[in-house]
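Please keep the structure in view while reading.

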Amino acid sequence: MLTHGVVENVLNGLKSWKIAYRFFNWASEQGGFSHNSYTYNAMASCLSHARQNAPLSLLSKEIVNSRCAMSPGALGFFIRCLGSTGLVEEANFLFDQVKMVGLCVPNSYTYNCLLEAISKSGSIDLVEMRLKEMCDSGWAPDKYTLTSVLQAYCNARKFDKALSVFNEFYGRGWVDGHVMSILVLTFSKCGEVDKAFELIERMEDLGISLNEKTFCVLIHGLVQQYRVDNALLLFRKMQKSGFASGVSIYDALIGGLCAKKETGKALHIFSEMKELGIDPDIRILSKVIPYCLEEIDIHRLIEERQEDLDMEARILLYNSILNGLVKSKSVDKAYYLLCAMMGDNYTDDVQVDKFFMVKEIVRPHTISFSIVIGGLCNTGKLDLALSLFGDMVQIGCKQNICLYNNLIDRLSNSDRLEECYLLLKEMKRSGFRPTNFTHNSIFGCLRR
């Protein structure tokens with residue numbers, strides 16, 4: 001005969017929610033068997049982990065229709081399953097229905113589970129209503145109750161009320177790292193960085209440390225808000241707390257510093273990262289390389305990493321090198337490297353030829369050509385830029401309207417009107433429609 005224990009064990013052991021749901025429904029149809037709170041919760045757990053909201057919602061209604069009695073703990077568990085998938089309305093409905101028809105008498109744990117579910121929705125009125133209802137029912141709020149209320153106020157950005165709840169935490173001696181993290185993250189996300197750091201200092205005075213996840217979220221958030229100095233300060237606090245920083249943290253810090261043109265600090269963080277034995281990924285390399293002015297550093301990076309990268313990543317690596325060479329006024333070297341990428345390793349400079357020897361042909365992208373052609377134009381090497389522009393067609397690389405406009409503008413400034421017209425015709429044949437910038441460039445040459 002089918003028993004509740006057997007059904008619960010089978011449901012907990014199945015990895016596929018579809019098979020579990022099919023088995024659950026099959027069990028319902030067996031003579032003499034009806035589900036209890038344990039089998040309902042086993043099915044709810046399976047559906048919530050699989051993020052299957054529709055069948056989970058139906059399951060919550062089925063509990064009421066089947067008149068299944070539930071303990072306060074069992075009801076709380078089911079409500080948490082609903083809350084974890086955002087089914088707050090269903091959680092409230094189930095809570096009210098089982099209470100109304102006498103299937104369960106909720107206790108403080110049940111209310112805490114409901115408040116936790118509601119807090120994620122940001123519905124302050126509902127949180128306050130349920131909190132009052134809980135107190136009126138004779139259940140005193142505990143630490144878990146206030147944590148959900150604090151989270152709700154923070155999600156709704158009700159800072160005054162959130163701080164009032166925090167003071168209640170403090171008064172009862174319940175302040176811990178989790179509670180502080182909720183407040184600190186909220187202030188940081190809302191741009192209240194100074195208040196967030198005041199709280200962190202207060203935590204230190206209380207001997208409480210942020211957890212690793214909170215450190216990481218805060219650092220990423222501060223970088224996004226262009227508060228890189230604050231992010232660095234928090235990064236050092238993270239290190240002092242004994243947490244190991246991953247690649248993503250270094251990526252965020254280096255990217256933020258490069259964006260602020262604080263290249264010295266960025267390279268220092270990069271060096272520190274390598275000293276700790278953390279291998280930089282292609283995203284970090286692409287940010288750092290344009291600021292590595294010493295060619296030997298660039299050469300070493302190519303030698304160390306290119307064999308580990310797929311073709312797209314190699315292109316990104318080489319584009320970063322090209323960009324760095326152009327920025328450091330080494331446009332000739334950028335040109336030779338681009339030629340080497342296409343398989344032409346011949347130059348007039350033996351040292352350059354040896355340094356930029358590419359072991360495997362890496363087909364450049366349009367961006368690669370744009371970087372070098374722009375550099376050549378800016379240094380007065382227009383003929384070389386035009387030649388490189390023609391090479392794009394030979395290797396099947398797509399030209400674009402920005403390149404055409406740039407070259408036409410440079411030809412115009414050099415009073416090479418006939419070549420402007422030729423490039424304009426080629427531009428139209430290639431399917432690109434001239435812009436106002438195109439016409440204005442040629443008109444400027446005519447006026448001169």
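A crossing is called left-handed if the near helix is turned anticlockwise from the far one by less than a right angle, and right-handed if clockwise. Helices (H or I, at least four residues) and strands (E, at least two) are DSSP runs, numbered from the N terminus. The model is predicted, so that local features need pLDDT of at least 70 and side-chain atom pairs count only at pLDDT 80 or more, while totals for chains, interfaces and linings use all residues. Residues are numbered from 1 along each chain as its sequence is written, and side-chain values use heavy atoms, with hydrogens and water left out.

**Helix pairs**

Axes are lines fitted to C-alpha atoms, for helices over the stretch in contact, and angles run from 0 to 180 degrees between N-to-C directions.

| Pair | Angle | Axes |
|---|---|---|
| H24 (401-413) and H25 (417-429) | about 165 degrees | 9 Å apart |
| H9 and H10 (159-172) | roughly 160 degrees | within 8 Å |
| H6 (88-100) and H8 (124-136) | roughly 25 degrees | within 13 Å |

Angles under 35 degrees count as roughly parallel, over 145 as roughly antiparallel, 65 to 115 as roughly perpendicular and the rest as oblique. H6 is therefore roughly parallel to H8. H9 is therefore roughly antiparallel to H10, and H24 and H25 are likewise roughly antiparallel to each other.

H24 passes H25 in a left-handed crossing. Contact means heavy atoms within 4.5 Å; on the H24 side, the residues that meet H25 include Tyr-404, Leu-407 and Leu-411, and those of H25 include Leu-423 and Met-427. The residues of this contact comprise nine nonpolar, two polar and two charged. Here Ala, Val, Leu, Ile, Met, Phe, Trp, Tyr, Cys and Pro count as nonpolar, Asp, Glu, Lys and Arg as charged, and the others, Gly among them, as polar.

The crossing of H9 and H10 is left-handed. Among the residues in contact are Leu-146, Thr-147 and Leu-150 of H9, with Val-165 and Phe-169 of H10.

H6 and H8 also have a left-handed crossing. Their contact involves Asn-92, Phe-95, Asp-96 and Lys-99 of H6 and Leu-126, Arg-130 and Glu-133 of H8. By class, it has two nonpolar, one polar and four charged residues.

**The largest pocket**

How many residues line the largest pocket? The lining has 30 residues, of which Glu-116, Thr-147, Gln-151, His-178 and Ile-182 lie nearest the centre. Two or more lining residues come from each of H7 (108-119), H9 (143-155), H11 (177-189) and H13 (212-224). By class, the lining has nine nonpolar, twelve polar and nine charged residues. On a 1 Å grid over the protein atoms alone, a pocket is an open set of points where a 1.4 Å probe fits, with protein on both sides within 12 Å along at least five of seven lines; lining residues have an atom within 4 Å of a point.
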